[in-house]
Amino acid sequence: MNCERCGKETHFLEPCHPCGRRVCRACQKSGKLLSTHERRLICKDCWTKMDKRMAFKRA
């Protein structure tokens with residue numbers, strides 16, 4: 001499988017919560033585990049957009 005952000009081939013991809021792209025570990029900026037045991041991630045591209053970053057931090 002290929003990362004939708006950098007194009008690198010990897011075996012483990014996770015979806016970015018704000019944009020929905022499947023990204024590799026190198027493209028993940030931050031992640032957290034919610035109380036419902038759901039893992040939320042944000043990619044480096046979404047981290048630079050303040051509205052998406054603030055929505056990620058509030059969730």
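Reader: What should I know about the model first?
Author: It is predicted: local features need pLDDT of at least 70, side-chain atom pairs count only at pLDDT 80 or more, and totals for chains, interfaces and linings use all residues. Residues are numbered from 1 along each chain as its sequence is written, and side-chain values use heavy atoms, with hydrogens and water left out.

Reader: Where is E14 found?
Author: E14 is found in strand β1, residues 14-15. Strands (E, at least two residues) and helices (H or I, at least four) are DSSP runs numbered from the N terminus.

Reader: Does E14 count as buried or exposed?
Author: E14 counts as buried because its relative accessibility is 10%. Buried means under 20% relative accessible area, exposed over 50%, and partly exposed in between, with a 1.4 Å probe and protein chains only.

Reader: Which side chain does E14 join in a polar contact?
Author: The side chain of R39, at 3.1 Å. A polar contact is a pair of N or O atoms within 3.5 Å; within protein, one must be able to donate a hydrogen and the other to accept it, and residues adjacent in sequence count only if both atoms are side-chain atoms.

Reader: What stands opposite R39?
Author: L33 stands opposite R39 in β4. Strand β3 (residues 28-33) and β4 run antiparallel, joined by five bridges; strands pair if DSSP finds at least two bridges between them.

Reader: Which residue takes a positive phi in that hairpin?
Author: H37, with phi near 60°; the hairpin has five residues between its strands.

Reader: Changing topic, which residues make up the largest nonpolar core?
Author: The core has 11 residues: C3, L13, C16, V23, C24, C27, I42, C43, C46, W47 and F56. β4 (39-43) and α1 (44-47) each supply at least two residues of this core. A nonpolar core is a set of buried Ala, Val, Leu, Ile, Met, Phe, Trp, Tyr and Cys residues joined through side-chain atoms within 4.5 Å.

Reader: And what does the side chain of R53 reach?
Author: R53, in helix α2 (residues 50-58), reaches the backbone oxygen of W47 with its side chain at 2.9 Å.

Reader: Where does R5 lie, and what is its polar contact?
Author: R5 lies in the segment before β1, and a polar contact of 3.3 Å joins its side chain to that of D45. R5 counts as partly exposed because its relative accessibility is 31%. The C-alpha atoms of R5 and C27 are separated by 7.1 Å, although the two residues are 22 residues apart along the chain.
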